[in-house]
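Here is a set of questions on how the terms used for this structure follow from their cut-offs.

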Amino acid sequence: MTRDDRALWCEGVAYDYPTRGETVHALSGVALTVPRGAITAVVGPSGSGKSTLLKILACLERPEDGRVWIDGTEVTALSARARRAVRRTRVGYVFQDPADNLLDYLTVAEHLALAARLRGRDTSAELVGVLGLGHRTGHVPRRLSGGEQQRVALAFAAAGEPAVVIADEPTAQLDRDSAGRVVEALRLLADRGQAILLATHDPEVSRVADRVVELVDGRLGEVSC
Ligand SMILES: Nc1ncnc2c1ncn2[C@@H]1O[C@H](COP(=O)(O)OP(=O)(O)OP(=O)(O)O)[C@@H](O)[C@H]1O
């Protein structure tokens, strides 16, 4: 893999949650590379640190230790303000619950226009076609099924071609059919060159991934390539 093939990478990432009793060591010494044009899936038992890792890599949290690069920029060396700018322009994030991803009062088209403005590039027309949302562009989220909402969330996350789209269990709240459509959409985005990083418990999602890594007690091991 050349340097340019890497959308995101990290080394030595550690994160602790201080609790009233003892500190929870959620992540230790995590090193991971997320290539462009591929789906990287993080699997692992509940509580192994998947969500914590994704939040750190999306610049939503700061690691205790370690370094993270997004699109060649070391985000762990930036000020909070500069990190927020990287998050807005170069990272698309999809939360597990469709309701957390979208604004109630914006239509699908308005979401995509907002993403294009944030990232300074408009690729939304193409995404609407790729994700099969053409008949829904005038609708607000409550008029959409859960699966459609997650596909809009993916389009919102991927519009303007951020360096990486990060999704935390994107199919967890969906029925089989909707989950299948979201998986198909993830595959299409990766095939168009987008870097996708996701956490999942869903074997159907891991099955389409190009690479699966496993977190166990906050440490990473490779499952397959
Ligand atoms: N706010 C918090 N305060 C204290 N401990 C936390 C907090 N959030 C997470 N943890 C702990 O950190 C560890 C990693 O949690 P995390 O949510 O990242 O795991 P996960 O693999 O995503 O789990 P799941 O698959 O159940 O979503 C767990 O032991 C969890 O209990």
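Q: Why are H3 and H5 called roughly parallel?
A: The axes of helix H3 (residues 108–119) and helix H5 (residues 146–158) come within 8 Å and cross at roughly 20 degrees. Axes are lines fitted to C-alpha atoms, for helices over the stretch in contact, and angles run from 0 to 180 degrees between N-to-C directions. Angles under 35 degrees count as roughly parallel, over 145 as roughly antiparallel, 65 to 115 as roughly perpendicular and the rest as oblique. H3 is therefore roughly parallel to H5. The model is a predicted one, in which local features need pLDDT of at least 70 and side-chain atom pairs count only at pLDDT 80 or more, while totals for chains, interfaces and linings use all residues. Residues are numbered from 1 along each chain as its sequence is written.

Q: Which hand does the crossing of H3 and H5 have?
A: H3 passes H5 in a right-handed crossing. A crossing is right-handed if the near helix is turned clockwise from the far one by less than a right angle, and left-handed if anticlockwise.

Q: Which residues of H3 and H5 meet?
A: On the H3 side they are Val 108, His 111, Leu 112 and Ala 115, and on the H5 side Val 152, Ala 155 and Phe 156. Contact here requires C-beta atoms, placed from the backbone, within 7 Å. By class, the contact of H3 with H5 has six nonpolar, one polar and no charged residues. Ala, Val, Leu, Ile, Met, Phe, Trp, Tyr, Cys and Pro count as nonpolar, Asp, Glu, Lys and Arg as charged, and the others, Gly among them, as polar.

Q: What makes H5 and H6 roughly parallel?
A: Their axes come within 8 Å and cross at roughly 15 degrees, H6 being residues 176–191. H5 and H6 are therefore roughly parallel to each other. Their crossing is right-handed. Among the residues that meet are Arg 151 and Leu 154 in H5, and Arg 181 and Val 182 in H6. The contact of H5 with H6 divides into six nonpolar, four polar and three charged residues.

Q: How do you know that S1 pairs with S2?
A: Two strands pair if DSSP finds at least two bridges between them. Eight bridges join S1 (residues 6–17) to S2 (residues 24–35), and the two run antiparallel. Asp 16 stands opposite His 25 in S2, and Leu 8 stands opposite Val 34. A hairpin of six residues joins the two strands.

Q: How many bridges pair S1 with S4?
A: S1 and S4 (residues 65–70) pair in the antiparallel sense over five bridges. Cys 10 has Val 68 in S4 as its bridge partner.

Q: What makes S2 and S5 edge strands?
A: The open sheet has four strands in the order S2-S1-S4-S5, with antiparallel pairing. S2 and S5 (73–74) each pair on one side only. H1 packs on this sheet, touching S1, S2 and S4, and its direction makes about 125 degrees with that of S1.

Q: Which element supplies the largest share of the shell around the ligand?
A: H1 does, with three residues. The shell has three nonpolar, eight polar and one charged residues.

Methods. Two residues are in contact if their C-beta atoms, placed from the backbone, lie within 7 Å.
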